[in-house]
Amino acid sequence: MTIFLAPFLTSLILSYAIIYCIDLHKHISSDYDLSGPQKFHHDSNTPRIGGISIFLAVLVGLLLNMKHPIYSDVGVLIGLSTLPCFAIGLAEDVTKKIGVKLRLAVTIITAVIGVQLIGIQISYINIPGIDNLLSYSIVAIPFTAVAIAGLSNSYNLIDGFNGLSSMVGIITLVGLGFIGFKVNDYVIISLCLILCGSILGFFIWNYPRGLIFMGDGGAYFIGLWIGFITLALVYRNNVISPWLGVLINGYPIMETLYTIYRRVVIQGKNPGHADGMHFHTLIFRRLQKHKLKSNKKITINTNARTSHFFWVSTGLCVMASIFLYESTELLIICIILFSIIYVNIYSRVIKFKTPAWLYIFK
């Protein structure tokens with residue numbers, strides 16, 4: 001448990017240090033533009049460089065893991081691969097001047113570097129014809145890089161409310177680690193424990209009060225790590241269906257794909273153009289409205305309460321993945337069902353027909 005506790009304590013202490021020393025760095029680490037459509041915090045002094053504590057905590061975990069009998073260089077290679085993406089995300093957190101296109105390009109390049117360094121790629125998805133194409137590295141490597149870069153950007157996309165992306169990451173890592181345990185892949189287990197502990201130390205300060213944010217650097221870093229871990233788990237264990245990666249990361253993937261569809265097809269806009277129509281944003285607004293109508297005492301603010309629904313959604317996808325990780329057919333059925341449910345609830349919420357049961361997450 002050292003490789004879990006050490007990153008956890010490191011992240012916990014470093015996150016607190018960043019919060020405590022806010023007066024020394026708030027001129028570069030805080031976000032003074034609170035007018036964006038995706039911004040719902042109201043304290044301009046909240047640091048958005050929590051990704052630093054997560055990143056350094058992971059390094060501590062990797063160093064300790066080198067002494068373990070089942071040590072593998074996979075973790076170190078993932079760490080090296082994620083450096084460019086973490087750096088560009090942190091640069092955006094500090095300067096607020098790095099464009100979306102540049103960050104996306106660096107994320108894809110980072111994913112390509114990781115695929116090449118680690119030596120893993122999506123070489124089949126159990127679909128005739130497509131599998132033939134993926135047997136060629138010239139097709140498989142770009143396909144894999146785009147998939148991993150997409151997941152990285154997904155975590156940045158859902159990073160809008162206290163505890164949302166961080167707990168989604170923790171729940172997903174628990175699922176990946178448990179599947180790793182079932183197939184006796186202790187390298188994957190150790191990598192999940194390292195990142196899980198690193199995120200949890202940050203989470204304690206981020207939820208529910210939002211004393212610190214992970215920023216773009218932290219979100220990209222977590223998304224990339226989870227993407228690489230998911231890919232490595234499937235690649236190293238032939239018994240696992242490649243569709244596991246889609247279901248176990250169902251919520252962030254679905255949020256990203258539906259956002260692109262909504263902006264490009266429905267609105268005719270650039271997919272990189274920010275708006276306030278994300279699922280989590282709509283849930284926040286409905287909960288906020290319900291809170292104003294209710295006379296009940298609510299101890300957790302609406303920002304934090306918004307995350308609860310998506311924690312449960314992620315948990316359901318992870319639980320299904322744990323039971324069905326060997327079956328391509330059942331995983332695909334679950335992915336289709338989740339997509340239908342997601343779109344149905346989103347459609348009802350946006351039309352102000354929010355299901356009454358959603359308010360239990362308040």
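A: In this predicted model, helix α1 (residues 2–20) packs with helix α9 (residues 186–206) at an angle of about 30 degrees, and their axes are 7 Å apart. Because angles under 35 degrees count as roughly parallel, α1 and α9 are roughly parallel to each other. The crossing in which α1 passes α9 is right-handed. On the α1 side, the contact is made by Ile3, Phe4, Pro7, Phe8, Ser11, Leu12, Ser15, Tyr16 and Ile19. On the α9 side, the residues making the contact include Leu193, Ile194, Gly197, Leu200, Gly201, Phe202 and Trp205.

From α8, Gly169, Thr172, Leu173, Leu176, Ile179 and Gly180 meet Ile226, Ile229, Thr230 and Leu233 of α10.

Over the whole structure, 24 aromatic pairs are found. One of them joins tyrosine 258 and tyrosine 346 in an edge-to-face arrangement, with 5.0 Å centre to centre and 70 degrees between the planes. Tyrosine 258 belongs to helix α12 (residues 250–266) and tyrosine 346 to helix α15, so the pair ties together parts that are 88 residues apart in sequence. Both partners are buried: tyrosine 258 has a relative accessible area of 11%, and tyrosine 346 has a relative accessibility of 2%. Each of these values counts as buried because the cut-off is under 20% relative accessible area. Tyr258 and Tyr346 also belong to one aromatic cluster, together with Tyr251, Tyr261, Phe279, Phe309, Phe310, Phe338, Tyr342 and Trp357.

Helix α15 spans residues 328–350 and contains isoleucine 350. With 28% relative accessibility, isoleucine 350 counts as partly exposed. Beyond its neighbours within four places in sequence, isoleucine 350 is in contact with Met277, Leu282 and Arg286. For methionine 277, which is 73 residues away along the chain, the C-alpha atom is separated from that of isoleucine 350 by 8.4 Å. Arginine 286, another contact of isoleucine 350, lies over the face of phenylalanine 352 at 4.1 Å from the ring centre.

How values were computed:
Residues numbered from 1 in each chain as written. Predicted model: local features only at pLDDT ≥ 70, side-chain atom pairs only at ≥ 80, totals over all residues. Heavy atoms only, no water. Helix = DSSP H or I, 4+ residues; strand = E, 2+ residues; numbered from the N terminus. Buried < 20%, exposed > 50% of the residue type's maximum accessible area, 1.4 Å probe, protein only. Contact = heavy atoms within 4.5 Å. Phe/Tyr/Trp six-rings, centres within 6.5 Å; stacked < 30°, edge-to-face > 60°. Lys NZ or Arg CZ within 6 Å of the ring centre and 35° of its normal. Axes fitted to C-alpha atoms, helices over the stretch in contact; angles between N-to-C directions. Parallel < 35°, antiparallel > 145°, perpendicular 65-115°, else oblique. Left-handed = near helix turned anticlockwise from the far one by under 90°.
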